[in-house]
Amino acid sequence: MSTSIEFTKKIRIGISIGDTLDSTNDALPKEAAPEKFETAWKKPVIKEELIDAILKAGFNLIRIPVSWKNHLGPGPEFQIEPSWLDRVQEVVDYAYRKGVYVILNLHHEDWNYPYYENQQPACEKMRAVWRQLAERFEGYDTHLIFEGQNEPRKVGTELEWNGGDKEGWDVVNATNQVFVETVRSFGGNNAERFLMIPGYAANCTVGIRHIEVPRDERIIISVHAYEPYDFALKIPGRSNWNHDTKVIDALMKELKQLYIDKGIPVIIGEFGAMNKENEKDRAAWAEYYTKAASKINVPCVWWDNGLFEGEGERFGLFSRYDYRCVYPDVVEGLMKGTEKTH
């Protein structure tokens, strides 16, 4: 078994702390206090107590989505605002110093859209940002994973979520390659660090078939899969799961054939089923989903955006205010689905 797959087998289950460090506000100057950005989407700042509660529940990976576009100086250096980088490192350390795995990424960026005319400037900025991150975190060991980009896609077009086209695939592959080359060019532990790359939009159907995997033994494929869609993500969709496993089973089969069987690991970097007042169904779904993924050695990372009510995508599991688990049955399902492999 490959070194990278042996590595991902150590990851039981992860959770993303979304809608915080990935929040954006184009109206704020980049010199604004970090908490102004971190709370821009009406979520409180991340506290170490939140990390502790998540880890106590059984998760051993924390994904920290970060948007950098509001914090960059002019080119060609694109210097990251020091106070923002310091705050990101502080949050990384909340988890990293406890010996668990951490994923750090580029999230809601608007400069990496995959068009041929944008390929060169996107690669230049990709190189500049990851050069700074590789340097800042060079002393961190392989518990810190870098994820090159989140869901690079043609935003606002009919191609945005359907898996893309050749232009989109080509440019995403080019920016992924620049990310890998940049990190590897730095010292410290960057030579050994595991690096995650997505396909177009991190798409779990068409997009996963068009990823050019760099020649590097420590690459992990990132896939986002809210399946079945009408139960997990669609609004209103349906609230009854009805043990509808067909799409989940097909996804795991394809991931195994495309990557796992070839020694290339995969992490489902975002998944979840939003709250539709259906905790029992979500718990059963969560157990099946994570068990199916665990069978092929693919860890999953729940998208927790801290949202529990209202009209949006209600993926919250842990309260950002009192750090309690709001849906313990769902978390129990996640843990049941992964218990035999850890």
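Select Asp19: with a relative accessibility of 15%, Asp19 counts as buried, because the cut-off for buried is under 20%. Keep in mind that this is a predicted model.

**Stop 1: around Asp19.** Asp19 sits in the loop between β1 (14–17) and α2 (34–38). Show its side chain together with that of Lys43: the two make a polar contact at 3.3 Å. Leaving aside residues up to four places away in sequence, Asp19 touches Glu38, Trp41, Lys43, Trp303 and Asn305.

**Stop 2: the whole chain.** Zoom out. The protein chain holds 10 helices and eight strands. Its radius of gyration is 19 Å, close to the 20 Å that the globule rule gives for 342 residues, so the chain is as compact as a globular protein of that length. The C-alpha trace spans about 55 × 45 × 40 Å along its principal axes. Colour by burial: 58% of the 342 residues count as buried. Then look at contacts with a separation of 6 or more: 75% of them join residues 24 or more positions apart.

**Stop 3: the barrel.** Eight strands form a closed barrel in the order β1-β2-β3-β4-β5-β6-β7-β8, paired in parallel. From one strand to the next, the twist averages 25°.

Strand β4 (residues 144–147) runs parallel to strand β5 (residues 195–198), and two bridges link them. Select Phe146: opposite it, in β5, stands Leu195. Bring back helix α6 (residues 166–184), which packs on the sheet and touches β4, β5 and β6 (219–224). The direction of α6 makes about 170° with that of β5.

Move to another helix. Helix α3 (residues 48–56) lies across β1 and β2 (61–64). Its direction is at about 160° to β1.

**Stop 4: helix α9.** Select residues 279–295. This is α9, with 17 residues. From first C-alpha to last it reaches 24 Å, close to the 24 Å expected at 1.5 Å a residue.

Which residues of α9 are buried? They are Arg282, Ala283, Trp285, Ala286, Tyr289, Thr290, Ala292, Ala293 and Ser294. What covers them? The cover includes the helices α7 (229–232), α8 (246–258) and α10 (328–338), along with strands β7 (266–271) and β8 (300–304). Step just past the end of α9 to find Asn297, with a positive phi of about 60°.

Stop 5: Start with the prolines. The peptide bond from Gly75 to Pro76 is cis, and its omega is near 5°. Pro76 belongs to the loop between β2 and α4 (82–96). Next, select Ile235 and Pro236: a cis peptide bond joins them, with omega about 0°. Pro236 is in the loop between α7 and α8.

Stay in that loop for Asn242. Asn242 is not a glycine, yet its phi is positive, about 60°. Finish at Ala201, in the loop between β5 and β6. Ala201 also is not a glycine, and has a positive phi of about 60°.

Asn242 is exposed, at 61%.

Definitions and conventions:
Residues are numbered from 1 along each chain as its sequence is written. This is a predicted model: local features need pLDDT of at least 70, side-chain atom pairs count only at pLDDT 80 or more; totals for chains, interfaces and linings use all residues. Side-chain values use heavy atoms; hydrogens and water are left out. Helices (H or I, at least four residues) and strands (E, at least two) are DSSP runs, numbered from the N terminus. Buried means under 20% relative accessible area, exposed over 50%, partly exposed in between (1.4 Å probe, protein chains only). A polar contact is a pair of N or O atoms within 3.5 Å; within protein, one must be able to donate a hydrogen and the other to accept it, and residues adjacent in sequence count only if both atoms are side-chain atoms. Contact means heavy atoms within 4.5 Å. Two strands pair if DSSP finds at least two bridges between them. Axes are lines fitted to C-alpha atoms, for helices over the stretch in contact, and angles run from 0 to 180 degrees between N-to-C directions. The expected span of a helix is 1.5 Å times one less than its number of residues. The radius of gyration is taken over C-alpha atoms; the globule rule is 2.2 Å times the number of residues to the power 0.38.
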